[in-house]
Each structure stands twice: as C-alpha cells, then as structure tokens.
Amino acid sequence: MPPLPIVVPLVMAVVVFFTQSKLWRPRLLALTALAHSAFTSMALWGAPGAGSAFGWLRLDAPGRLLLAVISLLFLACAVYSVGYLLYRVERENRRFCACMLAALGMMSFVSYAQHLGLLWVGIEASTLASAPLIYFNRTPRSIEATWKYLVISSVGIALALLGSFFIGYAALLGGSQGSLLFRDLLSAAPALSKPWLRAGFTLLLVGYGTKLGLVPMHTWKPDAYGEAPGMVGAILAGGLTSCAFFAVLRLTQITAAAGEGDYANRLLIVMGLASMGVAGALMLGQRDLKRMLAYSSVEHMGILAIAAGLGGTATFAALLHLVNNAFGKGAMFLSVGNIHRAFGSKTTDEVKGALRRLPLSGTLFLLGLFAVTGSPPFGLFVSELLILKSAFGAHRWMVGILFLSFLLLAFAGMGATSLAATQGRPPLSARRSGYRDTFTTFAPALVLLGFVLLFGLHIPEPVRRLIGDAATALAVGR
Amino acid sequence: MTSLLSSLVAALLLINLVALGTSRIGTMVRAVALQGVVLGMLALAAHGGLDYRVGLLVVASVGVKGWLIPVILFRALRDVAIKREVEPSLGFLPSLLLGALATVLAVGAANRLPLVETRLAPLLIPASFATIAAGFILITARRKAISQVLGYLVLENGIFVFGLLLVDAMPFLVETGVLLDLLVGIFVLSIIIHHINREFASLDTRRLSLLKE
C-alpha cells in the first residue's frame with residue numbers, strides 16, 4: 001500500500017476532474033488539502049523511516065520535513081483557492097483543480113522517494129502537473145510563459161535524467177550492484193567512479209537547478225511566476241523549488257561521501273552567488289510585482305545553494321531558510337494576488353496606494369517585504385544570519401561579504417518597488433474592481449506570515465527537532 | 001551480433017543528421033519516429049536476448065516513440081497547417097556540420113572515460129552523446145515550436161541510448177517512468193502548441209516575446 005499522502009491527492013485529482021459543479025471543485029480541493037495535512041501529521045507522529053513496505057518509498061528525516069512544508073503551504077493555497085475561484089467563477093476550473101491536486105500528490109511522492117530514479121520521476125511529474133496551472137488565465141502572455149516553462153524545465157529535467165544515469169553508471173563501475181537507493185549509494189560512495197560521478201553531479205545540478213531557477217537557468221521563472229495566479233506562484237516558489245532543493249542536498253551528500261565534496265561545494269557556491277547577484281540587479285527598477293517576487297525567489301534559491309555548498313552548520317540554516325522561504329514567499333504571492341485582483345494590474349504604473357485600497361492585503365504585503373528581505377524579527381533574518389555565521393566561521397570571507405552585499409542590493413530593489421505599490425493614493429486612472437479582501441483570500445497569507453514571524457522569535461521544539469533531524473541525516477558522510 | 005549493433009548505431013546517427021538537415025517538418029517527424037523504432041531494436045540487440053522486461057521496453061519504445069507520439073504530432077501539424085521550417089535561426093547546412101562535429105567530439109570524449117565493459121559501451125556512449133548534442137542543436141536553432149518539440153524528443157532518445165547500458169541494473173519501474181513522462185510531456189506540449197497557434201496565429205516562437213525585461 002503506497003502512503004496515503006501520495007495516493008489521496010492523486011485519487012482526488014481524478015474525482016475533481018469528473019465533478020460537474022464549478023463551486024464544489026475548489027471545496028473538494030480544500031478538503032483534500034485538509035485530509036493531506038491530517039495524514040501528514042499522522043506520518044510525522046510515527047517513527048522516522050516508517051510508512052511504507054517498499055524500500056523505495058520511505059519517509060526519512062529529510063522527507064518528513066519536506067512533506068510537512070509542502071502540506072502546510074498547500075493547505076493555505078487550497079483555502080485561498082476557494083475564495084479566488086469563487087471570485088473568478090467565469091473561468092473553467094476543472095483542469096486547474098485536478099492539476100493542483102496532481103501536483104500535491106507528486107510533491108509528496110518526492111518527499112517519500114528514496115531512489116534516484118523515483119526522485120526524478122516525481123520532480124518531472126510535478127513539473128508537468130504544474131504547467132497547466134500557469135495558463136489558467138488563457139491569455140497570450142500566460143501561454144508564452146507556459147511554453148517557456150515547459151521547454152526550459154523539460155530540457156533541465158532531461159539533463160537530470162542523464163545525470164542520474166551517469167551516477168548509476170558510476171555505481172556499476174564501482175563494482176556494486178548499481179542500486180540507486182540513496183542509502184546504498186551513500187555506503188558505496190567511496191567506490192563510485194569519480195569522472196562519472198562528477199559529470200553526473202554537474203548534470204543533476206544543472207537539471208534540478210533549472211527547477212530551482214539558479215542563474216543562468218532562471219529565465220523561465222519571472223515569466224511563469226509573473227503570469228500564474230497568486231497561489232500557483234506560491235506553490236511553485238515554495239513547494240516545487242523545495243522539492244528540487246532536497247534533491248540537490250541528497251546528491252551533494254552522496255558526492256561529498258565519495259570524496260568529491262570540494263568540487264560540489266565550489267559549484268554550488270559559485271552558482272548561488274551568481275544567482276543572488278543577477279537577481280539583485282534585475283530587481284532594481286522592477287515595476288512588475290510578481291516578476292519582482294520571482295527574482296526574489298531566484299535570490300533565495302541562490303542563498304540555499306550557498307548554504308548547501310558551505311555544509312556543516314549551514315545545513316541546518318539551509319533547511320530553516322527553506323521553511324521560512326516557502327512560507328514567506330507563499331504569503332507574498334497570496335497577498336500580491338489580492339492586490340492584482342483589486343487593481344486589475346500588477347505593475348507599479350497602476351498599482352499605487354495599495355494600503356488605502358486594500359488595507360489588509362496591503363499591510364500583509366508590506367510586512368512580507370520585510371520578512372522576505374531578511375529583516376528582524378522574521379525567520380529569514382535568523383536563517384540568513386546563521387548562513388553568514390557559518391561562512392565567516394569557515395573563513396570564507398569573500399563568500400560572506402558578497403552574500404551580505406547582494407542581500408542589501410535585493411533589499412534596495414524590493415523595497416523601492418514595494419513601497420511604490422503600497423504608499424500614496426491609488427491613481428484616479430486605476431480602475432476599481434469589485435474585489436474586497438475576504439476571509440479565505442486573506443487568512444491563509446496571514447497564517448503563513450505568522451509562521452515566519454514565529455520562527456524568527458522562537459522556533460518551537462518539535463519544529464527544531466524536525467529540522468535538526470533532517471540536517472543530521474543529510475550530514476552523514478559529509 | 002556486434003555488426004548488427006553497429007549498423008543500428010550507424011542508423012541512429014544518420015537519422016540525427018537527417019533531422020538536422022531537413023527543412024520539411026513532416027520528414028523530421030518521420031525521422032524521429034524511425035529513430036524510436038531503431039531505439040527499440042537497439043534495446044533488443046544490446047540485451048542479446050528477450051525476457052519480459054526487455055520485451056516490454058521494446059514494445060513501449062516502438063509503440064510510444066515510433067507510433068503514438070508521431071500520431072499526436074501529425075495531428076497537431078494538421079491542425080496548424082504548417083509544412084516546413086522557414087528561416088531557422090541556424091541554417092540547415094551549419095546545423096548539419098555542427099552535428100557531425102559533435103559526433104566526432106562525442107567519440108573522443110567517450111574514449112577518455114572509464115567503461116564497465118567493452119562490448120556495448122564503446123558503441124553506445126558516443127552514440128548517446130552525439131544524439132543528445134543533435135537534440136540540443138535542434139532545440140536552440142529552430143524557431144517553430146513543433147521543431148523544438150522534435151529536438152526535445154531527439155535529446156530524450158540520446159538519453160535513452162545511455163539508459164540501455166543500465167537496463168539490467170536499473171529497475172523496470174524507472175524505465176516505464178521515463179516513457180510515461182515522455183508521453184505526458186509530448187501530450188502537454190502538443191496542447192500548448194494548439195493554444196499558441198490559436199492565440200498568436202503562428203507557431204513561430206519569435207512571436208513569443210511579450211515577456212522580457
């Protein structure tokens with residue numbers, strides 16, 4: 001019996017697809033998300049590693065953390081969807097709701113996957129399931145964004161498959177049975193053929209890095225995030241990227257265990273710094289709010305890559321940052337979605353004075369800005385400080401200084417755009433749509449931001465243990 | 001057996017060059033379909049015998065790549081009524097020369113890497129690298145959306161050739177996953193192609209330039 005957090009969303013995706021009522025589909029979506037969270041809590045209650053008879057699908061400590069993040073983020077987005085789809089009732093939502101659930105099922109699948117091939121299948125399937133979400137609006141722009149997303153991610157994912165094959169070949173050369181289970185790869189790591197492992201890791205980093213949106217494979221990101229509805233942006237930026245980052249972490253661990261850690265770390269840090277720098281530069285003068293968030297996501301993926309490359313204590317910081325980023329980005333995308341609805345636009349040419357027109361979402365957006373740029377007292381401040389501390393602790397002065405200056409650059413860019421959107425008066429030309437904040441479109445963003453604030457003030461013990469266990473498991477052999 | 005294997009590999013490489021050199025999209029679809037069939041035969045020849053796993057792999061490869069995907073693509077072609085790739089961003093002759101160069105380089109690169117055994121690997125690894133390179137050239141140097149999809153298929157075929165080295169070691173489930181993902185991928189892409197055509201009245205990806213900094 002495969003685990004429930006995988007099966008239930010997939011079954012419900014089919015059910016939703018054949019549900020005739022336009023109003024019931026979003027409700028079923030939210031109910032499934034609720035059930036998913038319940039099953040996830042049950043899975044977290046059990047001992048790590050339990051959950052399935054298969055050796056291939058097993059919930060280990062990192063998987064538990066990933067599943068928890070995905071489940072909570074998706075629940076918030078699903079509740080938001082009820083309000084959003086009710087407001088946009090003129091749009092057909094059959095394919096949208098079904099694909100949302102399929103994406104949830106496949107992201108859970110990634111959390112359970114203990115096999116290099118299965119991991120790839122999960123990430124590929126979640127990519128495909130999320131593509132129709134981007135073109136919900138059926139505008140020429142959204143179709144263009146979907147096309148770029150599909151072509152660039154498909155090529156990236158194809159390279160990741162080739163990289164997985166290379167690692168399989170390295171395992172065959174190493175004289176092992178060529179098992180691609182992470183556990184076996186990790187124990188056989190010293191015997192893996194080095195040239196194939198290096199080539200495999202590089203291809204996998206490029207492949208999954210495309211999903212993360214690391215520079216120079218980031219070009220699809222502003223387009224896709226910019227054209228997708230708010231909660232899709234939240235799921236892409238918080239869920240799918242987290243899945244890909246876990247894949248990168250697991251592969252880095254294997255590569256390090258094989259004695260090629262320096263090579264992997266250097267690659268991660270260089271790509272991470274490049275992502276932070278390029279994203280920071282492109283955020284300056286950015287007028288489109290959703291594209292700004294997309295570049296902010298590129299920046300945070302760069303931060304994660306740097307933390308992964310630093311290793312050691314930075315692994316804990318990376319995972320904490322991942323959690324904070326998922327919830328912080330989630331809150332931002334949901335509130336920007338509301339602002340977009342209220343102004344009928346998402347560029348600062350027309351969006352001004354959001355605080356006046358939309359007091360709740362506007363405030364949340366402004367607070368989210370401080371959270372995402374890493375200001376105290378939010379959680380991202382803590383995780384970024386921890387990463388900086390490990391950089392300086394390892395005497396990586398250059399990395400630390402560049403890290404800090406790119407953070408300032410991002411703050412300047414995001415700050416200018418966000419303040420322009422929230423302060424002042426709404427221009428007379430900006431047409432007033434009928435949108436008002438409702439409970440379902442506002443509360444999810446508030447809860448997500450609440451978590452980011454909580455993690456900045458005090459990390460509750462169970463959460464600390466969840467992250468700590470995952471970091472310990474990912475540090476074995478490094 | 002080795003002579004059969006090397007002729008299949010030669011066929012694979014020739015099809016790459018055909019796909020790179022043709023301006024007719026119909027020819028390109030047929031070439032890629034034929035490549036799917038050759039891949040199925042290659043899987044059979046590489047394994048040297050027939051058990052149920054290899055049998056399924058062959059059927060799936062020939063059925064999906066040789067028949068199903070071409071049918072979907074021809075349907076898409078009929079809907080959008082295009083026949084040839086005009087003005088590729090890189091000319092047909094330069095693409096062809098680049099593809100040939102990539103083949104030579106692939107042989108060189110494969111010779112420098114450690115190999116598990118000497119029967120299959122010296123043939124399959126260069127063939128795989130060369131096909132992947134051809135796929136990349138097609139994706140980046142063609143402007144019609146459908147040619148890019150075909151390029152993606154050639155790229156996947158190259159990866160599949162490498163996967164043949166691991167058929168015994170890799171679990172069957174993964175091979176199925178590969179084919180399934182490919183199928184769904186092409187299906188989703190062909191739907192999007194349909195939408196591109198409806199919204200932009202063209203499949204020229206240069207028209208897809210609303211979104212930029």
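Cys77(A) is buried, with a relative accessible area of 0%; buried means under 20% relative accessible area, exposed over 50% and partly exposed in between, for a 1.4 Å probe and protein chains only. This is a predicted model, in which local features need pLDDT of at least 70 and side-chain atom pairs count only at pLDDT 80 or more, while totals for chains, interfaces and linings use all residues. Residues are numbered from 1 along each chain as its sequence is written, chains are lettered from A and ligands numbered from 1 in the order in which they are written, and side-chain values use heavy atoms, with hydrogens and water left out.

Zero disulfides are found over all chains, a disulfide being a pair of cysteine sulfur atoms within 2.5 Å.

| Cysteine | Relative accessible area | Closest cysteine sulfur |
|---|---|---|
| Cys77(A) | 0% | Cys97(A), 13 Å |
| Cys243(A) | 1% | Cys77(A), 13 Å |

For Cys77(A), the distance to the sulfur of Cys97(A) is too far for a bond. Cys243(A) also counts as buried and is in no disulfide.

Turning to the interface, 48 residues of chain B are in contact with 47 residues of chain A, contact meaning heavy atoms within 4.5 Å. The two chains bury about 4,100 Å² between them, 79% of it on carbon and sulfur atoms; this is the accessible area (1.4 Å probe) lost on being put together, summed over both. Zero salt bridges are counted between chain B and chain A, with a side-chain nitrogen of Lys or Arg within 4 Å of a carboxyl oxygen of Asp or Glu as the rule.
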